[in-house]
Amino acid sequence: MTTRSSATFWALSDPVRIDIVERLTSGSSVTATALAADLPITRQAVARHLATLEEAGLVLHRKQGRETRYQVVTAPMMDAADWLETRAASWDQALTRLSGHLDARASTAE
Amino acid sequence: MLVAHSIATVWRAITDADALAEWFGDFADVEPFPGGKANFGWSEYGTVISGRVEVVSEPHTFAFRWSAVEGVPFDDAPSTLVTFSLTDEEGKTLVKVVETGFSELPADIQARSLEENTSGLQAESGAPETFLSSRER
């Protein structure tokens, strides 16, 4: 697994952080204050989660006047999705080989 | 995946080291009891993944943890859990594989020390797992 994907999975292992990413993606709340108003947690807790997400490369912040606005960076999540897809495909291939192995054994036994 | 063989036949194929070496890896060193070895190798990639058997509940559930970092001894590496589930379907067998624990891996699996890894796992316990399943056919 790439380091970046493991950082993505770890950052998304918290339901609040998933909620924050979804809200940022939909564009409904883009400041820590607005997110805190939408969520049952304090602004400080939101700020900590945003820092964790930013450390993992999943969000970016920019200053706009007196506000700090957050936006989602999609590339690491796309990479993680690709990684999971590849891993799932390798399990599918393994099960196909299992089936073929059992068929071959059965025909040899006949 | 539904395979056209009895649950006893499939059970043997997923728990017996010689059988596993024929379809899963090029090399398999598996001791089918909890705590036993679950080591696999692929000569094409030159990799060995070491693991430990977790659940042996014949003929329905076989699970092992394996290292998330190739070539690192199991005891020293973060790991994911692989669970094979077998269900009898009128003489055929439904085989499912689910691999869990990706979100519990430390954020940087290469650089973090085991100590940090352990505390990270404790801090995140209760968090939902990222899971991976063979797709329904």
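In the predicted model, the hairpin formed by strands S7(B) and S8(B) has 2 residues between its strands, and Glu90(B) in this hairpin takes a positive phi near 50°. Glu90(B) lies in the loop between S7 and S8 of chain B and has this positive phi although it is not a glycine. Most residues other than glycine have a negative phi. With a relative accessibility of 81%, above the 50% cut-off, Glu90(B) counts as exposed.

Most peptide bonds are trans. Pro59(B) is placed in the loop between strand S5 (51-57) and strand S6 (61-67) of chain B.

Chain B also contains an open sheet of 3 strands in the order S2-S3-S4, with antiparallel pairing. Strand S2 (27-30) and strand S4 (47-49) of chain B stand at the edges with a single partner strand each, so one side of each has no neighbour in the sheet. From one strand to the next, the twist averages 10°. Strand S3 (residues 38-42) of chain B is joined to S4(B) by 3 bridges, and the two run antiparallel. Gly41(B) has Val48(B) in S4(B) as its bridge partner.

In chain A, helix H4 (residues 43-55) comprises 13 residues, which at 1.5 Å a residue should span 18 Å; the end C-alpha atoms are 18 Å apart, in agreement with this value. The buried residues of H4(A) are Ala45(A), Val46(A), His49(A), Leu50(A) and Leu53(A). These residues cover an arc of only 140° around the axis and therefore lie on the same side of H4(A). An α-helix has 3.6 residues a turn, so residues three or four places apart point the same way. Gln44(A), Arg48(A) and Glu55(A), on the other side of H4(A), are exposed. H4(A) is followed by Gly57(A), which has a positive phi near 80°.

Note on methods:
Residues are numbered from 1 along each chain as its sequence is written. Chains are lettered from A and ligands numbered from 1 in the order in which they are written. This is a predicted model: local features need pLDDT of at least 70, side-chain atom pairs count only at pLDDT 80 or more; totals for chains, interfaces and linings use all residues. Side-chain values use heavy atoms; hydrogens and water are left out. Two strands pair if DSSP finds at least two bridges between them. Helices (H or I, at least four residues) and strands (E, at least two) are DSSP runs, numbered from the N terminus. The expected span of a helix is 1.5 Å times one less than its number of residues. Buried means under 20% relative accessible area, exposed over 50%, partly exposed in between (1.4 Å probe, protein chains only). The arc is that of the directions from the helix axis to the C-beta atoms. Axes are lines fitted to C-alpha atoms, for helices over the stretch in contact, and angles run from 0 to 180 degrees between N-to-C directions.
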